[in-house]
Amino acid sequence: MISAAARPYIDASVPVLREHGLSITRTFYKNMFAAHPELTRIFNMGNQANGSQQQSLAMAVFAYAANIGNPGALGPVVERIVHKHVSVGIEAKHYPIVGEHLLGAIREVLGEAATPELIAAWAEAYGALAKLLIDTEAALYGSAQVAPGQTRPFRVSAVRKEAADVISLRLVPADGQPVPAFKPGQYVSVAVDFADGSRQLRQYSLSDAPDQDSLRISVKREHGGAQPDGQVSNWIHDNVAEGSVLELVHPFGDFTPDSESAEPIVLLSAGVGITPMISVLNRIAAVQPQRHVIFAHAARDAAHHAHQADVAAAQARMPNLRVVNFYEDSNGRMDVAALPHWPRSETPVYLCGPVGFMRAQWQALQAAGVPASLLRREVFGPELLDHLL
């Protein structure tokens, strides 16, 4: 909570942030990386290069201001941020650096409008949010029994081509210790050190069920080539083979569809967003094969449809699994009206895919009678928090 004195200034910031938020966050990142270049080893420089991180932070700051009196709305956002931070090794010592440069960017962009009272209010609000994040992240590090930034070596035991632009890697611990526990839908960060001394981490969803002697991730070759937004994924495609060793962070992620229940569930995905859904589907096939499941996926065409073998194996075990595929080159993009009927007022629906897909399906599902309380989504990369604005 923030003080009554600070609250009016935060409330008044909403229209200002709507107008200047992107300029503030661009200035923030530029100044922070200039002063602390070591942070480029933690932050996703691909998302910096394509602008999505700046836009996401601008919307996050705006959403924080717009919902500062509504912790119920902010709670899920905080949870997602905490898991992302822990997956890349964010520590308490980083928060004063971020605060200094965020407040500095507000001053720089707003000029005389950044009164001492406004800056003091935002310093208080940032301090409250930072404490919440630090405390929650410390608890998550503790429950996972890992230190910030800690990685483990995993050896690639198999490489499989899943689609025209997707490979899967089967990974076994190289240190002889057990495979870490995880929930279907979670991800691991893969750390890569490049020849120029730079280091980048990228998150990849675990694409098979837990409780095995190995992990599996699926990696799409990105369009960015050697550019930051495709740097790690394309390096994996070009350099990783059976016997390679990769450094992985413990699994994290707050997108964890209920794979244990016997109740109906709807899983909708697009592109490489199918990977966490396959983990969920494979787990359901193992523990609840009679469960009623709708599994719908959208892809460019059949050649770009990953993990078809997993879906076919699940169909052989699950008599109540209904599968629908949408290919842009034939039957078009995913259409809620073309899906099998389900009790829309009581069945949870999980979404994973590109931002445009997420927005379109979120709106279509609500228009079809699915309440927002039953919708959950996972976006690869920074999420645009349009549902909070």
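Author: With a cut-off. Buried means under 20% relative accessible area, exposed means over 50%, and partly exposed is in between. Note that the model is predicted.

Reader: Why is Asp 135 called partly exposed?

Author: Asp 135 has 42% relative accessibility. That value lies between 20% and 50%, so Asp 135 counts as partly exposed.

Reader: What makes Lys 131 exposed or buried?

Author: Its relative accessibility is 53%. The cut-off for exposed is over 50%, so Lys 131 counts as exposed.

Reader: What makes Lys 131 and Asp 135 a salt bridge?

Author: The closest N and O atoms are 2.7 Å apart. The limit is within 4 Å, so the pair qualifies. Both residues lie in helix H6, 4 residues apart, about one turn of the helix.

Reader: How do you know that Asp 193 and Arg 41 form a salt bridge?

Author: Their closest N and O atoms are 3.9 Å apart. That is within 4 Å, so the pair counts. Asp 193 sits in strand S3, and Arg 41 in the loop between H1 and helix H2. The two are 152 residues apart, and the pair links distant parts of the chain. Asp 193 is partly exposed at 48%, and Arg 41 is partly exposed at 33%.

Reader: Which residues make up the network joined by salt bridges that share partners?

Author: Arg 41, Asp 193 and Arg 199. The whole structure has 14 salt bridges.

Reader: What ties Asp 310 to Arg 216?

Author: Their side chains meet in a salt bridge, at 3.1 Å from N to O. Asp 310 lies in helix H9 and Arg 216 in strand S5, so the pair ties together parts 94 residues apart in sequence. Both residues are buried.

Reader: Which residues of H1 and H6 meet?

Author: Tyr 9, Ile 10, Ser 13 and Leu 17 in H1 meet residues of H6 including Trp 122 and Ala 125. The contact residues divide into 7 nonpolar, 1 polar and 1 charged.

Reader: Which residues touch the most other members of the largest nonpolar core?

Author: Ile 10, Met 32, Ile 106, Trp 122 and Phe 252, in a core of 49 residues. H6 gives the most to this core, with 11 residues.

Methods:
Residues numbered from 1 in each chain as written. Predicted model: local features only at pLDDT ≥ 70, side-chain atom pairs only at ≥ 80, totals over all residues. Heavy atoms only, no water. Contact = heavy atoms within 4.5 Å. Nonpolar A, V, L, I, M, F, W, Y, C, P; charged D, E, K, R; others polar. Core = buried A, V, L, I, M, F, W, Y, C linked by side-chain atoms within 4.5 Å. Buried < 20%, exposed > 50% of the residue type's maximum accessible area, 1.4 Å probe, protein only.
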